[in-house]
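Please examine the structure shown below. The paragraphs that follow lead through a few of its residues.

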Amino acid sequence: MCSPDGGLTLAAASQAMGIVSSGLGIVQGFQQAAFAQQQANLQHQNAQIQANYERQAQVAKHIGDVRAQQAQTLAAQQQVYYNSEAASKAWTAEQVKLNEARQAAAFKSQEIYAKQIGAQGRVLATGATGQSVGLLTMDAERQAGFAQAKENATIRSAEQAAGVAMESIGIQNQSQNNQVRSSLSAPVAAPQLAPMPVGNAPMNLAIPSYNWG
């Protein structure tokens, strides 16, 4: 049987051991909480780094898309220019053909008039008189009129053909330009950057800058 003093000593020792154990538990709890916080901070930082990589990839893709569209737009502008140049040359060629036809008609008119004057002169040179002279001169004038009417019809036909050809050139040029413009892509929109994760360990990573060099 234990003495009263021995019983007190054992109780005190047990109480002391309980206090020590409780203290160790509190310390371990703090250590576990600190470790968990470190792990959470590390995960947060890794998530921020991953989000930053995604942002950089988005910016790089946007730069590539903008450059591709700029190249496409420049090619379209050049094609429209070439189309206009080709249309202008074709239009000029039609105008040259029409001017040549008009010049040929003018020379032909002079030739017809000269023939008419020559025919009438030959009639008068015969010294004939009376109604026959008038009929002969009128016949020369009539023949000249027929020839001139034919020439006028020819030039009108040439003018109409040139007008149709020029209009067709303009329509074709407009159609080609419309096809070029319709092939252009829609304007490139700025990317919606990946969101930066929220947490207790912010790294303050800046938004990636655009390098157009």
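How many aromatic pairs does the count come to? The model is a predicted one, and in it the count comes to two aromatic pairs. A pair of aromatic rings is described by the distance of the centres and the angle of the planes. One of the pairs joins tyrosine 210 and tryptophan 212, whose ring centres lie 5.6 Å apart. Their planes stand at 20 degrees, and since planes under 30 degrees apart count as stacked, this pair is stacked. Tyrosine 210 has a relative accessibility of 34% and is therefore partly exposed.

Asparagine 52 belongs to helix 1, which comprises residues 4–125. Its relative accessibility is 13%, so asparagine 52 counts as buried, the cut-off for that class being under 20%. When neighbours within four places in sequence are set aside, asparagine 52 is in contact with Met196, Leu205, Ala206 and Pro208.

Asparagine 204 is located in the segment after helix 2, the helix that covers 131–182. Is asparagine 204 buried or exposed? Its relative accessibility is 68%, and asparagine 204 therefore counts as exposed, because the exposed class requires over 50%. The backbone of asparagine 204 also deserves a remark: its phi is near 55 degrees, a positive value in a residue other than glycine.

Note on methods
Residues numbered from 1 in each chain as written. Predicted model: local features only at pLDDT ≥ 70, side-chain atom pairs only at ≥ 80, totals over all residues. Heavy atoms only, no water. Helix = DSSP H or I, 4+ residues; strand = E, 2+ residues; numbered from the N terminus. Buried < 20%, exposed > 50% of the residue type's maximum accessible area, 1.4 Å probe, protein only. Phe/Tyr/Trp six-rings, centres within 6.5 Å; stacked < 30°, edge-to-face > 60°. Contact = heavy atoms within 4.5 Å.
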